[in-house]
Amino acid sequence: MRFTKARDLVPAGAVTAIGVYLGIRLLYGELPPLPTFAGITLLVLAIVETVFGFGLRGRIRATSGKPVQALTAARAVALAKASSLLGAIMLGAWVAVLAYVVPESARVAAAKSDIPSAVIGVVCSILLIAAALWLEHCCRTPDDRDDLRQDRFRNTE
């Protein structure tokens, strides 16, 4: 398993952004107003993952105390990967909403009232991606000199 990189997240966000933007262009008049704090759920997930990451990081780096079981670390990495992908998808969706409502806000009152929802959604999506990547980073074990030499050897081939 490799760690998540931008090239894993950008396509999901971009495809979602295009699809949501096209859907909003066709159906915006039919949609109900967006709840102002619709993106806050992503913020709650980001906070939980950040706290979990700090706790897990401390246990992995500690030389004494309760060790982290491999299954716990694997589950944390799976959660982090899923959350970063969710964050990228939701970021694409909220950016698409923002890209539609900002230009329309001068003409349509509903679009102007949806701007705060979109901004909160974008910010919370970014925070979720950051928290998920942090959690994934926290699952790394302390660097071992033998592993570093092997990685350097592999990279030169």
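Predicted model: local features only at pLDDT ≥ 70, side-chain atom pairs only at ≥ 80, totals over all residues.

Let me begin with charge. Side chains of opposite charge can pair when their charged atoms come close. How many salt bridges does a search of the whole structure find? The search finds two.

One of them joins E136 and K81, whose closest N and O atoms are 3.8 Å apart. Because E136 belongs to helix α4 and K81 to helix α3, spanning residues 70-104, this pair ties together parts that lie 55 residues apart in sequence. E136 is buried, at a relative accessible area of 2%, whereas K81 is partly exposed, at 24%.

A salt bridge is also formed by E104 and R107, with 2.7 Å between the closest N and O atoms. Here E104 counts as buried, with 15% relative accessibility, while R107 counts as exposed, with 65%.

I turn now to S125, which sits in helix α4, residues 109-138. Is S125 buried or exposed? Its relative accessible area is 0%, so S125 is buried. Leaving aside residues up to four places away in sequence, S125 touches L42, G87, M90, L91 and W94. With L91 there is a polar approach as well: a polar atom of the S125 side chain lies 3.5 Å from the backbone nitrogen of L91.

Finally, the surface. L31 is placed in the loop between α1 (6-27) and α2 (40-61), and counts as partly exposed at 43% relative accessibility.

Thank you for your attention.

Conventions
Residues numbered from 1 in each chain as written. Heavy atoms only, no water. Helix = DSSP H or I, 4+ residues; strand = E, 2+ residues; numbered from the N terminus. Buried < 20%, exposed > 50% of the residue type's maximum accessible area, 1.4 Å probe, protein only. Polar contact = N/O pair within 3.5 Å; in protein donor to acceptor, adjacent residues only side chain to side chain. Contact = heavy atoms within 4.5 Å. Salt bridge = Lys/Arg side-chain N within 4 Å of Asp/Glu carboxyl O.
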